[in-house]
Amino acid sequence: DTVPPQVVPGADPSARQLCFAWGPAEVLVCETLFGRAGGSRSRCLSRSPSPSRFWREGRAGAAARALTGSVAGTGEGTPSSSRVFVVRRDQDIYIQTLRKLFNESHGIFMGLQRSEEELAGKSRKAQLVQVSKNYRSVIRACMEDMHQAAVSTRDPALQGQYSTQVSILSAMELIWNLCEILFVEAAGAGPLLLRLLDWVRLHVCDVDSMVREVLSSESPSKHKLFWNVVDVFVLQGRMDEARHLLSKEASANPTSMNMYKILDDLMKKMPVPSLGNTQTLTELELKWQHWHEECQRYLQDGTFASNPHMESICKILLGDEDAILEKKELMTTWYHFLVTRLLYSHPTVKPLELRFYAQSSMDLFLGGESSPEPLDMILMAAFEFEMHQVIKECSIVLSNWWFVAHLTDLLDHCKLLQSHNLYFGSNMREFLLLEYASGLFSHHSLWQLGVDYFDHCPEYGRVYLELHIERIPLSTEQKALKVLRICEQRQMHEQVRSICKIMAMKALRNNRLGSALSWSIRAKDAAFATLISDRFLKDYCERGCFSDLDLIDNLGPSMLLSDRLTFLGKYREFHRLYGEKRFPEAARLLLSLMTAHIAPCSFWMTLLTDALPLLEQKEVIFSAEQTYELMRCLEDLTAGNPDKQKFQDDDVERTKVEMLRLALARNLARVIVKEGTVEGS
């Protein structure tokens, strides 16, 4: 149930107002009066951001994206139009192409929780790195699907939304990959640079089309972008590819052969760190120093003076910052500049030294021409090893909780967030997982994933699950059974009873008595089971037969839930015995139903009437004692009943009573004769 719509407090009643109503995971907002301001507000709410503005919007951008695509209604605010806005807490979960991200990452998350204590030491670290790579592969697969959707659609609005999502997913993978290198893998000096080079090559791909264009031409060395491509390869440390291209230049220009051989030799001999432990950092630094001095000597000798392109490359090899910054357009980002700068100036950089180089690289690259964007600040926080700042900034900028929830969980498993508890008692991992799972619960099918996330929040997960699971709309019986199974597996007894009562009431309203009885039994609701049993008995009196015989025949121990349900089950058993011609057993059961006083008084006449065929059987069924009991029951019914006048005024009821008395008297006579004959013999 939603709260009735409310007007925004403090609003001028004579002016245009916004009216709102809270739902389980969304807010409905509508306008109460017509006005120009409201019309412009409507258009503002429904405006979608362009991809290029995403990282400049911050929290406002996230809010705008939450509203994008959620407007119901048409018109520009005419008096007859009624515009209603649905403001959801997490709009991204409704994007169909992101379903893969949520579903597949759920499996990775669950695998990580199960394997927590399986491995230790290096094996555990390798496992965590692999988990991180699995997350990144899901992000990339999603990004490729979104890109394909953007290419294939003809709707400009959809194309803009898909392009925005591609830029968001690309940024998410960029940040995650850097966190993987610095925090999860925690690469040391040497291997750290190699990882950062791979990171740049993977994510700075603006030049890939240029490389393809040059390499696919008939004469690459004569292409106008040839030296740009060579520079790109050098800036990214792709020496083999750069040397291969330079060999084409040497073949086309024999006069530059000598310069080419020297430059090729320098590039070939450049010392680089190795992932294995084949050399120490000291050995690497000594080799690099000798190589650096050799490069310096050739440059000072003017070996490349006649070829500005080769001279520029030699300066880059020497780590000349001005020479590298001249290629600013080819690098496109300050973090590309940072990695290139480290490659040619500080190849053995240590993790804790990154913050100094990162800050100076950003300052040099931006040069005061532009201010850092949110993405820049997130990457800078990572280079400064400020994990909590990374998570905080991502929470503000990104449009959903998926990224921060899964990254924080991974970092927590790396034992990197153990000391950080929030002021209200929970830790950061649990807080973000709770927020993410709460968003999933607003979706008609993704809520099932949210259950597992709540399960792995030890402090507040159970409470959140209990609150959210009660708000799931039980639209079908199949869905109700699914929710019920989840509650039963977790011993959530109160929620089980609540769900069963809701479904029982729905079934009763639709006159599905069997289903209603089944749900009330599962709820262990004696009062409701009694109510439904009375409905069964009432239907029997009106129609002369029972519905849902399979259910009633198989009540088993469940019939003990209430006296009325017990009576219903036993009364149906009486009919079954009678149908099988087991008359003595049927007679004993019928009599016990009356003498045990579990039958409602209003049903006694029906029970006595059911005894008539047994009283009229050729063979004597009721003994003298049983007949006296039936007579007493009949007298109690007619003499002690408040509706006594009914049996005197109603011809049908009076006839029934007379027939019963006659049948009982006749049966008693037959019994006395039979029992006397037996005694005499």
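**Figure 1. Lys415 in the loop between helix 19 and helix 20 of the predicted model.** In this predicted model, Lys415 belongs to the loop that runs between helix 19 (402-413) and helix 20 (428-440). Its phi is positive, at about 65°, although Lys415 is not a glycine. Most residues other than glycine have a negative phi. With a relative accessible area of 54%, Lys415 lies above the 50% cut-off and therefore counts as exposed.

**Figure 2. Ala186 in the loop between helix 5 and helix 6.** Ala186, which sits in the loop between helix 5 (156-184) and helix 6 (191-203), has a phi near 50°, again a positive value in a residue other than glycine. The relative accessibility of Ala186 is 41%, and because this falls between the cut-offs of 20% and 50%, the residue is classed as partly exposed.

**Figure 3. The aromatic pair of Trp199 and Phe383.** The ring centres of Trp199 and Phe383 are 6.0 Å apart and the ring planes stand at 75° to each other, an arrangement that is edge-to-face. Trp199 is part of helix 6 whereas Phe383 is part of helix 17 (residues 374-383), so the pair ties together parts of the chain that are 184 residues apart in sequence. Trp199 and Phe383 are both buried. In total, 20 aromatic pairs are counted in the model.

**Figure 4. A cluster of aromatic rings.** Phe102, Phe109, Tyr436 and Tyr453 are linked into a cluster by ring pairs.

Figure 5. Cys500 is placed in helix 24 (residues 493-509), and its relative accessibility of 0% is under the 20% cut-off, so that the residue counts as buried. When its neighbours within four places in sequence are left aside, the contacts of Cys500 are with Leu484, Trp519, Arg522 and Ala523. The C-alpha atom of Cys500 is separated by 8.9 Å from that of Ala516, a residue 16 positions away along the chain.

**Figure 6. Packing of helix 21 against helix 23.** On the side of helix 21 the contact is made by Trp447, Gln448 and Val451, and on the side of helix 23 by Lys479, Lys482, Val483 and Ile486. By type, the residues of this contact between helix 21 and helix 23 divide into four nonpolar, one polar and two charged.

**Figure 7. Packing of helix 29 against helix 30.** Helix 29 (residues 583-595) and helix 30 (residues 604-615) have axes that come within 11 Å and cross at roughly 160°. Because this angle is over 145 degrees, helix 29 is roughly antiparallel to helix 30, and the crossing of the two is left-handed. Phe583, Ala587, Leu590 and Met594 of helix 29 meet Trp604, Leu607, Leu608, Asp610, Ala611 and Leu614 of helix 30. The residues in the contact of helix 29 with helix 30 comprise nine nonpolar, no polar and one charged.

**Figure 8. The chain as context for the close-up views.** The secondary structure of the chain consists of 33 helices and five strands, and 48% of its 681 residues count as buried. Among contacts in the chain between residues at least 6 apart in sequence, 62% join residues that are at least 24 apart.

Note on methods: Residues are numbered from 1 along each chain as its sequence is written. This is a predicted model: local features need pLDDT of at least 70, side-chain atom pairs count only at pLDDT 80 or more; totals for chains, interfaces and linings use all residues. Side-chain values use heavy atoms; hydrogens and water are left out. Helices (H or I, at least four residues) and strands (E, at least two) are DSSP runs, numbered from the N terminus. Buried means under 20% relative accessible area, exposed over 50%, partly exposed in between (1.4 Å probe, protein chains only). Axes are lines fitted to C-alpha atoms, for helices over the stretch in contact, and angles run from 0 to 180 degrees between N-to-C directions. Angles under 35 degrees count as roughly parallel, over 145 as roughly antiparallel, 65 to 115 as roughly perpendicular and the rest as oblique. A crossing is left-handed if the near helix is turned anticlockwise from the far one by less than a right angle, and right-handed if clockwise. Contact means heavy atoms within 4.5 Å. Ala, Val, Leu, Ile, Met, Phe, Trp, Tyr, Cys and Pro count as nonpolar, Asp, Glu, Lys and Arg as charged, and the others, Gly among them, as polar. Rings of Phe, Tyr and Trp (its six-membered ring) pair if their centres lie within 6.5 Å; planes under 30 degrees apart count as stacked, over 60 as edge-to-face and the rest as tilted.
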